[in-house]
Amino acid sequence: MSGTKPDILWAPHQVDRFVVCDSELSLYHVESTVNSELKAGSLRLSEDSAATLLSINSETPYMKCVAWYLNYDPECLLAVGQANGRVVLTSLGQDHNSKFKDLIGKEFVPKHARQCNTLAWNPLDSNWLAAGLDKHRADFSVLIWDICSKYTPDIVPLEKVRLSAGETETTLLVTKPLYELGQNDACLSLCWLPRDQKLLLAGMHRNLAIFDLRNTSQKMFVNTKAVQGVTVDPYFHDRVASFYEGQVAIWDLRKFEKPVLTLTEQPKPLTKVAWCPTRTGLLATLTRDSNIIRLYDMQHTPTPIGDETEPTIIERSVQPCDNYIASFAWHPTSQNRMIVVTPNRTMSDFTVFERISLAWSPITSLMWACGRHLYECAEEENDNSLEKDIATKMRLRALSRYGLDTEQVWRNHILAGNEDPQLKSLWYTLHFMKQYTEDMDQKSPGNKGSLVYAGIKSIVKSSLGVVESSRHNWSGLDKQTDTQNLNEERILALQLCGWIKKGMDVDVGPFLNSLVQEGEWERAAAVALFNLDIRRAIQILNEGASSGKGDLNLNVVAMALSGYTDEKNSLWREMCSTLRLQLNNPYLCVMFAFLTSEAGSYDGVLYENKVAVRDRVAFACKFLSDSQGSPLDVLKDERVQYWIENYRNLLDAWRFWHKRAEFDIHRSKLDPSSKPLAQVFVSCNFCGKSISYSCSTVPHQGRGFSQYGVSGSPTKSKVTSCPGCRKPLPRCALCLINMGTPVSSCPGGSKSDEKVDLSKDKKLAQFNNWFTWCHNCRHGGHAGHMLSWFRDHAECPVSACTCKCMQLDTTGNLVPAETVQP
Amino acid sequence: MFVARSIAADHKDLIHDVSFDFHGRRMATCSSDQSVKVWDKSESGDWHCTASWKTHSGSVWRVTWAHPEFGQVLASCSFDRTAAVWEEIVGESNDKLRGQSHWVKRTTLVDSRTSVTDVKFAPKHMGLMLATCSADGIVRVYEAPDVMNLSQWSLQHEISCKLSCSCISWNPSSSRAHPPMIAVGSDDSSPNAMAKAQIFEYNENTRKYAKAETLMTVTDPVHDIAFAPNLGRSFHILAIATKDVRIFTLKPVRKELTSSGGPTKFEIHIVAQFDNHNSQVWRVSWNITGTVLASSGDDGCVRLWKANYMDNWKCTGILKGNGSPVSGSSQQGSSNPPLGSNVPNLQNSLNGSSAGRKHS
């Protein structure tokens, strides 16, 4: 430690303690703050943890490196390497165990003073401590001390004042190391190899060396610049990382000739690299002046044996705090947990999450995988529906048969939850259109469906006569518009939009009254205005303001409205056209847009998205010339087909098959081409003709089912033989009676409900009587018999047939979502 | 509001991918433990692992389901340089009785010389087709001409992307106005300014995939790419996970305005760009309607993004990777309160959560 940049270490065994060291050693205790308040004097480390300072040790000046004793006992013994090369044992524990008391304060002194760069405790022989020193002429730079060694005869008692203990005590010096290695060299980093207690890897000056203590004359070495911070992967004992400047080298000790891999070079020099102790192949690196810990997730690194594979290394980074990070330490046991310290000694405790992969399920739940864990996350059911995403809304609407009420079309907005005014307006429009069509049908049957999907544009365009495109002549306040120049088609369109009632009456009065009754003052006023009845509009606004339910500001609006002037350059006009944009209500906004607009250009009204489409269409019908057309173009085209396909696909994904089928039925009424043809024909084994010959005149409604021959209807003759060749039809594998005969109750069947089923109205072809067969083994019989068989059996009822008929189709085993609680 | 709960996955190593089938009743996971697991959802909503088998001789990066009309079919891809197609069969064994199903390998696709990084089935209207991409920078499109025979796959197209590929996405649109299209992302991290996201489109005339667009603004490594479900839109939405979350819209310029025969030209707009993950974004996933995007990143959080009617995208939810809620008010871009959760902090009671939080 230079004294400026703190380092941080987790206790190897007491997992809630760590030490921060700069000029002194400070021991902290970590506590969870999940269920408790932050205690006075503790430092917050994260949202749910805090640290309390337990003790400070400032007895060892000139600290260069610190290593925590790896044994359980004594718990807080640390080795401190000093600038003069001495290694001092010191403690932060409050309870000084007498057994180890004589270890505390012990010093290990090299022959020549020089900086101690690194310390490493032997993981197996806990008393061995390796120290790496700078070079001093031909002296050794790697010294291995035995901390329990008997004091050598030449020990020199040294008087020292112990500040903390307040007592005078002799400190014993050890000068004879167990091993001396690395002669005439410098040692920058050290680590013991887990393969053998006596193997030591050292980053020397310009080479990495492996010393074997069994034979100290031998060493294995490789020349490299990457000699800093050697560290062994705890999960892969042959994999070693070291660094030089901004580059990390990964080595494989089995082929210790060159790095198997070098990681992307960082622009700034590295200060620390460390393998995650709780997870394989995760290397954390830190560079100078950085607030980012860069992580390398080594999913695959090249091996010296076997073929060349490209490495898969996922580069990640975490930013635990805003300040530069001085140092970090992995927690020894907590998964991917790390603590960092900044130069000003603020600390942060955090966990590196694994890369998360995620997927949405079609039913709007989100699944993600983080590490080895899976998490499922679903939208809460009781949520306010306004906040729900459209996917959820659509699903809930589909579930409530939204869009499938083709009789009372307007009811669909209630099926959708009755909370969206836009939807309400839409379905009412459709309702009016449908009603009109039905009226037309009564007048001229045979013209069915011509209007429903025709769209306003084609209705209006179907008029051959050209409507005069002059601005309606109105200057007075309540002058009625001349409705004569609205042709019949436009009136129809207005009817469809709900502005005017059916019949010859073209008065909007009833519509206005109904709007007023529903409290839609603004809309009513706008409609009145668009019908050029300013007086009525003002009156409606006044009513709204005085009703109590409406906004009092409506009076103000009414006042502004009454000031209307046709003068082009009037102040009124100028102010209204700018201030109208500040109005919140879209209808109020469009009223002023209308009043201030130039003749023939009503974009301010037509493109106000918040105004109901049908009001805008009605407006367009009233004021736009034919050439301007209307903003809607609801035509049956390819896009619509595509939308239908997508919607059907959604219903299928949600397993709303019944809804989809219902939708298809309604659709085929309008578009017979969408009706699928019969999909299955059964041909007679003997003559090859379709056995449905007898009922071929009746088009089949069913899809995928075969009900041929078994009508069960007393009015039709029973068919037990091929209508072509009169040969008998196959027998049911269970009752062994020819198909087409009335089915008897299941042999030995205790299912009384089936009997009840059979006693039901026999005029309907019952499903129990239907032909079924397995497409795989081609055995089959009456559907009812087959179903009851497979309730208890997996294999086909035909002897010696091992076909698992019912399990062949996984989708077939899915239950429609409508029948179960979603 | 979203609520998270944990499922015991029992994978021996990191899970790399999660994938749902068409109905959302089945799920597949794949892992560095070289296995794939298939999960079935019970009527009560719980997930049960019904199959787990060793699929590859290396980490399995991705797993994906085919549309059920092709059967119960999975594809996986791996570091072992292969992709494989799997089919569930009802065998002679009594697996089903033990609640286990049996999956057999139908084919191994061995064309790649390097790690196969992604595999995706084409939209079903194109038939049984799948695309793979690999670290050697090649996208391969395979087709099973006979849907009844899953062991026969022919390599139809090889598209060279020049850069190591990390992810692909098919454009899901089945509209006839939209030719088949694949977006490819590259995680090449070498310091060059090349664009890392490309879009290839099938040309009916040449019967080849040709590059339609390069997203020039995406120059950092791309980790995931996803077209939003189309649902009838005339344009496409593409999400990209790179050093931030990006959402692009691609509006096809009408054919008559471009030279006929060539690839479609697009008006490309970036509609959202969020760096709330602070660092790398790993995955993006669209919900079924393409209205909510979920993303995950190195801040260890899952974030949800949604557009309002003005097409302004916003963060609508954040959850930590372990399912616990994110507390504190330092989240940017979030107008909603943090997501609730009833899950206890599963990893460790001392879990830090300040990971990657930016206080700006």
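Visitor: Before we look around, what is pLDDT?

Guide: Happy to start there, since this is a predicted model. Each residue carries a value on a scale from 0 to 100. That value, pLDDT, is the predictor's confidence in each residue.

Visitor: What is the mean pLDDT of chain B, and over which residues is its pLDDT below 50?

Guide: In chain B, 85% of the residues reach 70 or more, and the mean pLDDT is 85. A stretch below 50 still has 103 contacts in the model beyond near neighbours in sequence. That stretch of chain B is residues 328-360.

Visitor: How much area is buried between chain A and chain B?

Guide: The size of an interface is often given as the accessible area lost when the parts come together. Here 87 residues of chain A are in contact with 103 residues of chain B. Carbon and sulfur atoms give 56% of the buried area, which is about 7,900 Å².

Visitor: How far apart are the closest N and O atoms of B:K41 and A:E376?

Guide: Side chains of opposite charge can pair when their charged atoms come close. The rule finds four salt bridges across the interface of chain A and chain B. B:K41 and A:E376 form a salt bridge, and their closest N and O atoms are apart by 4.0 Å.

Visitor: Which helix gives the most to the side of chain A that touches chain B?

Guide: Across this interface there are also 24 residue pairs in polar contact, both partners at pLDDT 80 or more. With eight residues, the helix that gives the most to chain A's side is α15 (residues 638-653).

Visitor: Why does the pair of A:E354 and A:R279 tie together parts of chain A?

Guide: A:E354 and A:R279 form a salt bridge, with the closest N and O atoms 2.5 Å apart. A:E354 lies in the loop between β31 and β32 of chain A, and A:R279 in the loop between β25 and β26, so the parts tied together are apart in sequence by 75 residues.

Visitor: Are the rings of B:W53 and B:W103 stacked or edge-to-face?

Guide: B:W53 sits in strand β5 of chain B and B:W103 in strand β9, 50 residues apart. Their ring centres are 5.6 Å apart. Planes under 30 degrees apart count as stacked. The planes of B:W53 and B:W103 are at 10°, so the pair is stacked.

Definitions and conventions: Residues are numbered from 1 along each chain as its sequence is written. Chains are lettered from A and ligands numbered from 1 in the order in which they are written. Side-chain values use heavy atoms; hydrogens and water are left out. Contact means heavy atoms within 4.5 Å. Buried area is the accessible area (1.4 Å probe) that two parts lose on being put together, summed over both. A salt bridge is a side-chain nitrogen of Lys or Arg within 4 Å of a carboxyl oxygen of Asp or Glu. A polar contact is a pair of N or O atoms within 3.5 Å; within protein, one must be able to donate a hydrogen and the other to accept it, and residues adjacent in sequence count only if both atoms are side-chain atoms. Helices (H or I, at least four residues) and strands (E, at least two) are DSSP runs, numbered from the N terminus. Rings of Phe, Tyr and Trp (its six-membered ring) pair if their centres lie within 6.5 Å; planes under 30 degrees apart count as stacked, over 60 as edge-to-face and the rest as tilted.
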